[in-house]
Amino acid sequence: GGLLSPSGKKVSKGTKNEFACEINGHMMKDPVRAPNGHVFEKATIMLWLNTRGSVCPLTGDPLTAEDLVPDKELRSKIMRHHISHAFKQDKDNGHTELGDDLYDF
């Protein structure tokens, strides 16, 4: 089971589909958008381009680092999602507890 990224990769547990890197399915921290609309984690697509050449891993179309545009709106959504999940309600005593991973994005 589990969600799949648009490329068919299994999405990491707790990651919304729209927040998943289309290469590896992990939650993105620094999303970048290719001209064809695909979204990748910047570090992941940069590694791909450096090791596999200037080609989109999903379409095979030409793609360079200069073609990638930071997706600030999506990054903001991911940060809000991450922060909202870092604050969890302690059911035993009813106080809000700050999760350890608040700044892990």
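1. Buried denotes a relative accessible area under 20%, exposed over 50%, and partly exposed in between (1.4 Å probe, protein chains only). By this scale Glu-18, at 41% relative accessibility, is partly exposed.

2. The model is predicted: local features need pLDDT of at least 70, side-chain atom pairs count only at pLDDT 80 or more, and totals for chains, interfaces and linings use all residues. Residues are numbered from 1 along each chain as its sequence is written, and side-chain values use heavy atoms, with hydrogens and water left out.

3. The structure holds 2 salt bridges (a side-chain nitrogen of Lys or Arg within 4 Å of a carboxyl oxygen of Asp or Glu). One joins Glu-18 and Lys-77 at 3.6 Å, N to O. This pair links distant parts of the chain, 59 residues apart: Glu-18 is in the segment before β1 (31–33) and Lys-77 in helix α2 (residues 72–86). Helices (H or I, at least four residues) and strands (E, at least two) are DSSP runs, numbered from the N terminus. Lys-77 is partly exposed, at 31%.

4. Arg-33 and Asp-71 form a salt bridge, with their closest N and O atoms 2.7 Å apart. Because Arg-33 lies in strand β1 and Asp-71 in the loop between β3 (69–70) and α2, the pair ties together parts 38 residues apart in sequence. Arg-33 is partly exposed at 32% relative accessibility, whereas Asp-71 is buried at 12%.

5. In α2, Leu-74, Ile-78, His-81, His-82 and Ala-86 are buried. Seen down the axis of α2, these buried residues fall within an arc of 135° and so line one face of the helix; the arc is that of the directions from the helix axis to the C-beta atoms. Lys-72, Glu-73 and Arg-80, on the other side of α2, are exposed.
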